[in-house]
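This report concerns a model of two chains, shown below. Please consult the sequence and the structure together.

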Amino acid sequence: MEVTTSGVGIEATALHKAFTTRQVLLGVDVTIAPGEFVAIVGQSGCGKSTLLRLMAGLDTPDSGVVALAGEPPRPGSPLMRMMFQDARLLPWRRVIDNVGLGLPVGRQAEAGSALAEVGLAERGGDWPSILSGGQRQRVALARALASRPRALLLDEPLGALDALTRLEMQGLIERVWQEHGFTAALVTHDVEEAVALADRIIVLSAGQVALDLQVNLPRPRDHAARHFTELKATVLDEVLGTRHERVARMHALSPAQADRATERLVRTA
Amino acid sequence: MSGWLASGMTTANLKQNALRQATPWLVPALIVVVWQALSIAGIVAARVLPAPTAVARAGWELLTAGTLIADVAISARRALLGFVIGGGVGFMLGLVNGFFPWGARLLDSSVQMGRNIPHLALIPLVILWFGIGEVARLFLVAIGVAFPIYINTYHGVRSVDTSLIEMSTTYGLTTWQLFRQVILPGALPSILVGVRYALGIMWLTLIVAESIAATSGIGYVTMNAREFLQTDVLVLGILLYALLGKLADVAARGLERRLLAWHPSYARA
């Protein structure tokens, strides 16, 4: 990991959150080190978006503590920016003015450089309605970067994009993260994306952290490498709940032996 | 002009464009021609419906007498003043009720009750309160205009995309910035619909209000014409109202085109 980073740490301790009758988070502890890239995966409805929103301060936990750089998170904090599944651009402003949202008047030039970073410098004068989905998310990324946040929370930002655009955007996100050094928390349902981008993968299941996995693969990640695919399989198994069956099937082991084998796999990955 | 030509308009395009501009006027022109023909042929008696030429002559006489322009200006001024007053009140109320839930809870029912009273039915009461002077006329126009503007402003504010509002809070927008940069522009399409509708009501109310007892304006001219059986002046008055109404509509449409240039329906590549 980098020695110097502009990122801030995020700590979630013993988080509980329920919506009406449904318990979504049942005691979640997550610590994200400054500058770390953490992916949070899990099945639909497992609470990963809820967890991210609690980290962003958009919701408050029923019990437990969230800290962003040691303070409770506040939605308008300049330390933290968020990207959503839809770009959420203001349709009545041109692209460059969208990127400059919230920037004080003197710093509008940073909007231009942020837009250039995502490769859309020449589209600054366009209306958002004529951009493609991928381009709009890129503008949303530029907008998030323009104010130089120290933490970037991404709530399934690539979920609505086609496969090729998704791959491009993954590369872009990795590049800007390496460039800027902010702390990144990415919620995604795409396990491959998590393994491609993250330093650490957290799997949420039944309202708790089921797996907290270090990803020590070198960057840029080779999707075809053996360790990559093994890791992906491990995480996918945990997400789908097929961990025991798969390892047992693979090695004709008993469930207890399968457990130990998986643990070994996790440690060496 | 040269820039206009350089933007890709060839002579053929210009001809096409001119044709497109002229087409809406074909039917009215045809009607006038048929009307004139019927009058000349004597099929339509001059007393029932004077020929277009007679109407034009009456208009010319009034114009050269120096009173026509003044009367038209007075009518227009009344209409606009009433529109500004009533529209202003409706707009403010719509904003307050749309933005503050307590406002809506307190006032919306009352406003809806008021809306259902046909304002023209209030004329006897209005005359009693304000006499037959300018105040009465302005009051009627203002009341007629206030309700459509209120409803559409209220609806516009309420239907601003909440995901955009949420996004804006994460960018640290103050309440005032949120209002000016997100809510107001977002409500604008609905507000402008209200404006267009209110313009129609404005003219209707003005015509009725001027027929009560005016001493100036188009209504005064037509009332006199009615007294003296000058049907050509009567028709002239009607045509003038129609022309002013059309002008107001064109102005509103121009406003829409400028303020809603970002909207996909108005976008020109």
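Lys17(A) faces Leu25(A), a residue of strand β2(A). Strand β1 (residues 10-19) of chain A runs antiparallel to β2(A) and is joined to β2(A) by eight bridges; strands count as paired if DSSP finds at least two bridges between them. Helices (H or I, at least four residues) and strands (E, at least two) are DSSP runs, numbered from the N terminus.

The model is predicted: local features need pLDDT of at least 70, side-chain atom pairs count only at pLDDT 80 or more, and totals for chains, interfaces and linings use all residues. Residues are numbered from 1 along each chain as its sequence is written, while chains are lettered from A and ligands numbered from 1 in the order in which they are written.

In chain B, the domain assignment (automatic or from a database) gives two domains, tabulated here.

| Domain of chain B | Residues |
|---|---|
| Domain 1 | 2-40 |
| Domain 2 | 52-259 |

The C-alpha centres of domain 1 and domain 2 of chain B are 30 Å apart.

Between the chains, 14 residues of chain B are in contact with 18 residues of chain A, contact meaning C-beta atoms, placed from the backbone, within 7 Å. On the chain B side, α9 (162-170) and α10 (175-213) of chain B are the elements giving two or more residues. Helix α9(B) supplies the largest share, six residues.

Notes:
Contact = placed C-beta atoms within 7 Å.
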